[in-house]
Amino acid sequence: MENRYQKFFLAANSCKGFVSHFADNYDPADGWQVFLVKGGPGTGKSSFMKHFAYHANQAGEVAVLCPCSSDPGSLDGVILPDKKILLLDATAPHTVDPKLPGACENLVDLGQFWNSEKLRKNAAEIMEIGQENGRFHAKAKRYLLAAGKVAEGRLSLAEACTDASRCARFTERLCHRLLPIKKAAESREWPRFLQGVTPSGIVDYTESLLPHFAKRIVLCDPFGGVGKIFMQTVRFCALRSGYEIITCYDPFLPEIVDHVLIPELSLAFFTERYIGQIPCDERRIHARRFYDVTALHGRRERLNFDRKVMTELLKEASACLKQAKAVHDDLEEFYIHAMDFPALTDFAEDFTARVLA
């Protein structure tokens, strides 16, 4: 079933800490209807959103799934772009508070289905497990910080070998051919992530997008210096031309643009870097044409070494996130045993029917 859905992360475990774009994926001034789902761990937030996404899809709606970067098996959000409806897990660490309560955002309180008395009896254990979970996340953060420093150094080496102006000119010409300027149009940007560092390692949702974009351009750049300029230019040109775009950032270096998607044109620009190969046979642009190959070759040993170091650090970060998830699973058990799930199921069915009507 899930293969039919586009998937994105709305947050990332990055070298800058936990980065969230939860509040950046809707516009209160543009008629969006947002449901901020509140509740503790194990209270059915993810199941509630999966139920909604399934029935929206069955009703013919485009449903975008947003898995959790700390547990890709769970959902943090569901987007119905055509109906401008968004469901979000609005609890920490990606807390979202209403900007226009009731007029745009609505609170969905799953805490109404738990037995507070049962939870109070286990308050000390719940607190202890929560603190242990926090320690593993802090350890993962340190590995990610170290990986980020290596990645930044590697990127600087590559940028020093890049013909930036030539790359920018080429990209401008390419965009001029592919992106007709829209008259009297307002551009819009939705920031997301296609990859993420998770307890399962690096998870990549690029394949979930391929059936939804007929035209795909892949920039092959294992070093990142060209890709940074290429995607910055594509993003600028698309916004300047009046398009609504989805900008996908690097999950480790969250200020770097990795991919730009233009749904209206069914056009996707992907960067193929150190994360893995893009599984499609569309037009591929090789970054070496914009590098000083001689200078790059002189730095190759250092670049390769940094890549290996970064890979090992990311593995350690994922291992810490896996330990954090195991502890979080223990925490969920307290809430699961305190929940009235039959009542929650009835509520989910009524909510879904009402919102999709």
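Mentor: The model is predicted, so local features need pLDDT of at least 70, side-chain atom pairs count only at pLDDT 80 or more, and totals for chains, interfaces and linings use all residues. Residues are numbered from 1 along each chain as its sequence is written, and side-chain values use heavy atoms, with hydrogens and water left out.

Trainee: Are α3 and α6 roughly parallel or roughly antiparallel to each other?
Mentor: Helices (H or I, at least four residues) and strands (E, at least two) are DSSP runs, numbered from the N terminus. The axes of α3 (residues 123–160) and α6 (residues 293–336) come within 8 Å and cross at roughly 165°; axes are lines fitted to C-alpha atoms, for helices over the stretch in contact, and angles run from 0 to 180 degrees between N-to-C directions. Angles under 35 degrees count as roughly parallel, over 145 as roughly antiparallel, 65 to 115 as roughly perpendicular and the rest as oblique. The two helices, α3 and α6, are therefore roughly antiparallel.

Trainee: At which residue does α6 bend?
Mentor: The bend at a residue is the angle between axes fitted to the seven residues ending there and the seven starting there. For α6 this angle is about 55°, and the residue is Arg-299.

Trainee: How many residues lie between β2 and β3 in their hairpin?
Mentor: β2 (residues 11–14) and β3 (residues 17–20) run antiparallel, with four bridges joining them. Asn-13 stands opposite Phe-18 in β3. Between the strands of this hairpin, the number of residues is two.

Trainee: Which residue of β13 stands opposite Arg-188?
Mentor: Another open sheet of six strands has the order β9-β13-β14-β15-β12-β16, again with mixed pairing. Within it, β9 pairs with β13 (residues 244–249) in the parallel sense over five bridges. The residue opposite Arg-188 is Glu-244.

Conventions. Pairing = 2+ DSSP bridges.
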